[in-house]
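Here is a brief report on a protein chain. Look over the sequence and the fold, then read on.

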Amino acid sequence: MRRSVRRPAANQRPTPRRLDALIRQLATARAPAGLEDEVRALLAESLPPSLPRSGTPLGSLHVHLGPAGPDRLFLAAAMDEPGLIIASIDDQGRARLKPLGTVEPSSLIGHRIRFTGGAPGVIVRADESDARAPVSLRDLAVDFGWADREDGAVSPAEIGLIESPLDEVGACLCGRSAAARGILAILVLAAGRPNPSSGPATIAFLANSAVDDRGLGPSAAAVAPDRAILCRPAPASPGSGPHLGDGPILGLTSSADSASRDLAAWVRTHARRAGIPLQERLLAADDIGLSTIQAQSDGVAAVAIELPAAGLHTP
């Protein structure tokens with residue numbers, strides 16, 4: 001995740017240090033879909049204790065800002081992260097995998113992975129004889145170093161996450177889910193500095209959203225917003241864009257209604273006033289996240305704010 005190099009105002013200079021520390025805390029926490037307790041606890045500790053909170057049965061955390069009233073703004077970001085789930089154990093004691101969210105199989109080979117029961121392993125090609133062939137997830141296995149399946153201490157349905165340390169590479173902070181956790185950290189700091197003139201708002205830290213935005217619908221239904229901004233990472237491109245370091249991306253679907261276009265104009269105005277550069281891109285008409293929000297109640301104006309990230313679906 002590219003870190004900002006814009007110099008903060010004098011009265012805001014402690015914020016970048018706190019943001020950096022919070023990103024590092026969140027990025028080292030583990031939160032596969034449905035098991036977000038570690039990240040949720042960090043968020044709860046970091047948020048101002050005076051803010052009203054609620055949630056959903058799936059485990060999403062809602063923080064409410066400003067006075068009660070109409071024109072409620074809904075900001076949503078996922079707490080969980082993509083992972084891998086054990087589908088079966090072969091005769092050699094190796095785990096065969098299925099995805100839990102979006103992963104890029106070719107980038108997984110050779111990486112260490114740790115499962116919910118604590119067992120570590122290494123992802124390898126199940127068949128080493130054709131190392132140049134294209135890779136799909138069914139071609140991979142997790143080698144635990146066991147002689148056969150009887151030695152194993154894992155079982156089907158256990159969830160694993162790649163062991164990926166958080167590192168600084170130039171001006172970038174690199175690690176598993178660093179961009180997504182950066183978004184969470186930004187929203188935490190925003191919750192601590194509400195603007196009374198902006199009206200009522202709810203920040204939703206979503207559980208179970210790494211797989212088809214499953215946790216988004218129940219949160220949006222519980223809040224019943226009038227306007228919504230979906231906050232998420234997006235892949236940066238070395239070509240025509242979007243680019244790392246050129247600011248967040250404003251995303252609008254090709255079928256956006258007039259209310260969503262008005263919301264996009266509102267975002268542009270506030271970004272310009274704050275001196276934040278914006279990139280823009282057109283999203284598919286059937287974008288899962290925005291479609292889920294827009295279908296709530298009588299219809300909700302919705303746009304996406306995306307953080308450009310390199311290697312988004314890789315360790």
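## A hairpin

Strands β4 and β5 make a hairpin, with five residues between them. Gly93 sits in the turn and has a positive phi of about 80 degrees. This is a predicted model.

The two strands are β4 (residues 83–89) and β5 (residues 95–100). They pair in the antiparallel sense over six bridges. Ile86 stands opposite Leu97 in β5.

## The open sheet

Eight strands build an open sheet with mixed pairing. Their order is β1-β2-β12-β3-β13-β16-β14-β15. At the edges lie β1 (53–55) and β15 (279–283), and each pairs on one side only. Neighbouring strands of this sheet are turned by 25 degrees against each other on average, direction ignored.

Inside this order, β14 (residues 249–253) pairs with β16 (residues 301–309). The sense is antiparallel, over three bridges. Ile249 has Glu306 in β16 as its bridge partner.

## A helix on the sheet

Which helix packs on the sheet and touches β14, β15 and β16? Helix α5 (residues 258–274) does. Helix α5 also touches β3 (73–78) and β13 (227–235). The direction of α5 makes about 45 degrees with that of β16.

## Confidence

The mean pLDDT of the protein chain is 87. Of its residues, 91% reach 70 or more.

Residues 1–14 need care: pLDDT stays under 50 over this stretch. The model has 22 contacts beyond four places in sequence for these residues. Where pLDDT is low, predicted coordinates should not be read in detail.

Definitions and conventions. Residues are numbered from 1 along each chain as its sequence is written. This is a predicted model: local features need pLDDT of at least 70, side-chain atom pairs count only at pLDDT 80 or more; totals for chains, interfaces and linings use all residues. Side-chain values use heavy atoms; hydrogens and water are left out. pLDDT is the predictor's confidence in each residue, from 0 to 100. Contact means heavy atoms within 4.5 Å. Two strands pair if DSSP finds at least two bridges between them. Helices (H or I, at least four residues) and strands (E, at least two) are DSSP runs, numbered from the N terminus. Axes are lines fitted to C-alpha atoms, for helices over the stretch in contact, and angles run from 0 to 180 degrees between N-to-C directions.
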